[in-house]
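Dear colleague,

Here is the structure I promised to pass on to you. My notes on what was found in it follow below, with the cut-offs given where each term comes up.

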Amino acid sequence: LPAICARATGSMSLVDHGTSGFLAAQGTVNEYADYLSCLAGNAVLRQAFKAACREHALLYNWDNILQGVLSNYCDVLGAVAAEKHISQSQLAIAGI
């Protein structure tokens, strides 16, 4: 479903403003009401947002999430290795 959320850290990573929902400034009741009215009165926009939401939601699966975590660990280990002048082959021997 299209979302109307506060423009805040968590919602900004989940809602693409104007593509899958709307992000409103916190405490701006009129802005929320305007976005709600816009969605309520525009079935084509709701369908477009719905499709974008589904496409974005499909990115949130365990394979993608764990690949991101693994990638972050590899980046950190690579930076530490470079700082300590550890070669890629030494990392491979260590199973990293």
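**Notes on the chain**

Leu1 lies in the segment before strand 1 (3-6), where helices (H or I, at least four residues) and strands (E, at least two) are DSSP runs numbered from the N terminus. At 88% relative accessibility, Leu1 counts as exposed; the classes used here are buried for under 20% relative accessible area, exposed for over 50% and partly exposed in between, with a 1.4 Å probe and protein chains only. The C-alpha atom of Leu1 is separated by 8.3 Å from that of Ser20, which is 19 residues away along the chain.

Before going further, please keep in mind that this is a predicted model, in which local features need pLDDT of at least 70 and side-chain atom pairs count only at pLDDT 80 or more, while totals for chains, interfaces and linings use all residues. Residues are numbered from 1 along each chain as its sequence is written, and side-chain values use heavy atoms, with hydrogens and water left out.

As a whole, the chain has five helices and two strands, which follow the pattern β-α-β-α-α-α-α along the sequence. Of its 96 residues, 17% count as buried. The accessible surface comes to about 7,100 Å², with 62% of it belonging to carbon and sulfur atoms; the areas come from the Shrake-Rupley method with a 1.4 Å probe, and for residues only the protein chains shown count as cover.

Ser20 sits in the loop between helix 1 (9-14) and strand 2 and is buried, with a relative accessible area of 5%. Its side chain reaches the backbone nitrogen of Asp16 at 2.9 Å. Leaving aside neighbours within four places in sequence, Ser20 is in contact (heavy atoms within 4.5 Å) with residues including Pro2, Leu14, Phe49 and Cys53.

The largest nonpolar core has six residues, namely Phe22, Ala24, Tyr35, Leu39, Leu45 and Phe49; such a core is a set of buried Ala, Val, Leu, Ile, Met, Phe, Trp, Tyr and Cys residues joined through side-chain atoms within 4.5 Å. Strand 2 (21-24), helix 2 (29-40) and helix 3 (43-57) are the elements that give two or more residues to this core. Leu39, not counting residues up to four places away in sequence, touches Pro2, Ile4, Phe22, Leu45, Arg46 and Phe49.

There are two aromatic pairs, counted when ring centres of Phe, Tyr and Trp (its six-membered ring) lie within 6.5 Å, with planes under 30 degrees apart called stacked, over 60 edge-to-face and the rest tilted. Phe22 and Tyr35 form a stacked pair, 4.2 Å centre to centre with 5 degrees between the planes, and this pair links strand 2 with helix 2 across 13 residues. The rings of Phe22 and Phe49 have centres 5.2 Å apart and planes at 65 degrees, so this pair is edge-to-face; it links strand 2 with helix 3, 27 residues apart. Phe22 counts as buried at 8% relative accessibility, and Phe49 is buried too, with a relative accessible area of 1%.

Finally, the structure holds zero disulfides, a disulfide being a pair of cysteine sulfur atoms within 2.5 Å. Cys5 is in none, and the nearest cysteine sulfur, that of Cys53, is 9.3 Å away. Cys38 is partly exposed, with a relative accessible area of 34%.

With best wishes

Methods
Polar contact = N/O pair within 3.5 Å; in protein donor to acceptor, adjacent residues only side chain to side chain.
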